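Please open the model in a viewer and keep the selection tool at hand. The stops below go from a pair of helices to the sheet beside them.

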Amino acid sequence: MPARKVGFYLDTTPAMQSLVKQALRLIEMQQVFTEIAPKPLAQSSRVGRFTHSSLLLFADNGAVATKLKQLTPSLLVKFQKQEYEVTAIRVEVQPPSRQPIPRKKIRLSGKASGHLQELAAGLPASPLRAALEGLLARASKHEDQPLKHKQPHDDQCENGEKPE
């Protein structure tokens with residue numbers, strides 16, 4: 001079977017052709033929106049959908065949504081000047097998806113680890129005990145690795161001595 005370009009498969013059915021056409025139109029409208037909207041607003045919002053001459057914009061937060069709603073009449077005129085048949089613009093808040101925050105690698109001193117192990121051993125089965133055991137397990141995994149974000153006071157105690 002010969003290798004084929006993706007476009008071959010996207011053009012095989014009318015449903016796929018319609019979907020590709022709609023996606024290209026949204027990309028086009030996003031580019032126009034980026035040009036006609038004030039730069040800070042364009043960076044904090046995006047074109048969501050265009051159906052039946054109605055354009056849906058997604059704003060990152062309420063403040064951006066409010067400002068876009070205020071600018072709706074002028075945005076309508078600007079889209080129409082670009083030969084898009086936009087008769088209505090609706091704005092919804094949809095925060096951008098965020099990447100999960102990586103967990104900070106931790107390191108406990110021998111003394112702190114010992115105290116936490118004693119505390120966990122003395123607790124009944126509970127979410128607190130499970131959390132302490134998880135903390136100890138993560139700390140033991142990274143014993144030989146330093147903290148990524150060391151604070152200046154991590155190296156010395158108040159009296160100037162190094163912690164255990």
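**The helix pair**

Select α2 and α4 first: their axes come within 11 Å and cross at roughly 115°. That makes α2 roughly perpendicular to α4, a label given to angles of 65 to 115 degrees. Axes here are lines fitted to C-alpha atoms, for helices over the stretch in contact, and angles run from 0 to 180 degrees between N-to-C directions. Helices (H or I, at least four residues) and strands (E, at least two) are DSSP runs, numbered from the N terminus. This is a predicted model, in which local features need pLDDT of at least 70 and side-chain atom pairs count only at pLDDT 80 or more, while totals for chains, interfaces and linings use all residues. Residues are numbered from 1 along each chain as its sequence is written, and side-chain values use heavy atoms, with hydrogens and water left out.

Now display the side chains between the two helices. Met29, Val32, Phe33 and Ile36 of α2 meet Leu68, Leu75, Lys78 and Phe79 of α4, contact meaning heavy atoms within 4.5 Å.

**The sheet**

Next, select the strands. An open sheet is formed by 3 strands in the order β1-β2-β3, with mixed pairing; two strands pair if DSSP finds at least two bridges between them. At the edges are β1 (45-51) and β3 (88-93), each of which pairs on one side only. Neighbouring strands of this sheet are turned by 25° against each other on average, direction ignored.

Select β1 together with β2: they pair in the antiparallel sense over 6 bridges.

Move on to strand β2 (residues 54-59) and β3, which pair in the parallel sense over 6 bridges. How many residues of β2 are buried? Of its 6 residues, 5 are buried, that is, under 20% relative accessible area with a 1.4 Å probe, protein chains only.

**Helices on the sheet**

Finally, show helices and strands together. Helix α2 (residues 14-36) lies across β1 and β2, running at about 135° to β1. Helix α4 (residues 62-81) packs on the sheet and touches β1, β2 and β3; its direction makes about 165° with that of β3.

Terms used. Parallel < 35°, antiparallel > 145°, perpendicular 65-115°, else oblique. Buried < 20%, exposed > 50% of the residue type's maximum accessible area, 1.4 Å probe, protein only.
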